[in-house]
Amino acid sequence: MSEGQAGATPSFEMTWSSTTSSGYCSQEDSDSELEQYFTARTSFIRKPHKEKDELVDWEKPILSQAEIEQKIKEYNSQINSNLFMSLNKDGSYTGFIKVQLKLIRPVSVPSNKKAPSIQDTRKSSSRSQAVKRRTSFYLPKDTVKHLHIISRTRASEVIEALLKKFMVVDNPRKFALFERTEKDDQVYLRKLSDEEQPLHLRLLAGPSEKTLSFVLKENETGEVNWDAFSMPELQNFLRILQREEEEHVRQILQKYANCRQKMQEAMATCTPG
């Protein structure tokens, strides 16, 4: 990312890895196509988990230039990969952060366009004008992406870069970047403000993922606001819920059928008296 260009689009180098496939559907596809492409594995019912949205009180001091240089040396000495941090002549530094995408709902992507570059997307007058047809797409579960960023890169810029990499045309304000920490066998989440600098947090915490990691989630604290979705999206969600319900019922019936069969077999082998 070039520091000398005020207002210029930040440059990011990204790699990603995932082993789970996802389902998708076009909002303009026919019913048969929707049925073909939908996955019924994502639930809209919130499940209990051990994560807490609360602040972890660890110190985030402002470092002098000498302290930054020393921190970078310590950081690089602790990692077992080539994802080093490097100090620039202007006092900034560059390095990598890893972001885990944990999205519950599908995202919207162009249905008939190739992935745009960050520069191409910036040229568009608006997201709504750039995309006329959209596809609802489930990102693979626990997708992980590494970003090569500069120390002045803000959390809001990280979110925008992630969405552009996946061609997501939803408003970036629908998403939030969280810092995740583990303490006393408990996982804590804190939502970053738009102006916070993730690479600075990474440097302060060190390379340990337990001490600090980053997660992209939906930017919400309450129930899903279904009024924010279009009619085709709501119809698609209903199809997903119906398939999940049918699969859940099938599993329950199969469970009791197996129990009934085993009891009948046990009764058949019992001798009277």
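**Exercise 1.** What pLDDT does the protein chain average, and what share of the residues score at least 70?

*Solution.* Step 1: the model is predicted, and its protein chain averages a pLDDT of 76. Step 2: 68% of the residues score at least 70.

**Exercise 2.** Describe the protein chain by its secondary structure, contacts and surface.

*Solution.* Step 1: the secondary structure comes to 7 helices and 11 strands. Step 2: take the contacts with a separation of 6 or more; residues 24 or more positions apart account for 77% of them. Step 3: of the 273 residues in the chain, 38% are buried. Step 4: the chain exposes about 17,000 Å², and carbon and sulfur atoms supply 50% of that area.

**Exercise 3.** Explain why helix α6 is described as largely enclosed by the rest of the structure.

*Solution.* Step 1: locate the helix, which spans residues 198–205. Step 2: apply the cut-off, under 20% relative accessible area for a buried residue. Step 3: go through the helix. Step 4: 8 of the 8 residues are buried, so α6 is largely enclosed by the rest of the structure.

**Exercise 4.** Which residue follows α6, and is its phi positive or negative?

*Solution.* Step 1: the residue after α6 is Gly206. Step 2: the phi of Gly206 is positive, near 85°.

Conventions
Residues are numbered from 1 along each chain as its sequence is written. This is a predicted model: local features need pLDDT of at least 70, side-chain atom pairs count only at pLDDT 80 or more; totals for chains, interfaces and linings use all residues. Side-chain values use heavy atoms; hydrogens and water are left out. Buried means under 20% relative accessible area, exposed over 50%, partly exposed in between (1.4 Å probe, protein chains only). Helices (H or I, at least four residues) and strands (E, at least two) are DSSP runs, numbered from the N terminus. pLDDT is the predictor's confidence in each residue, from 0 to 100. Contact means heavy atoms within 4.5 Å. Accessible areas come from the Shrake-Rupley method with a 1.4 Å probe; for residues, only the protein chains shown count as cover.
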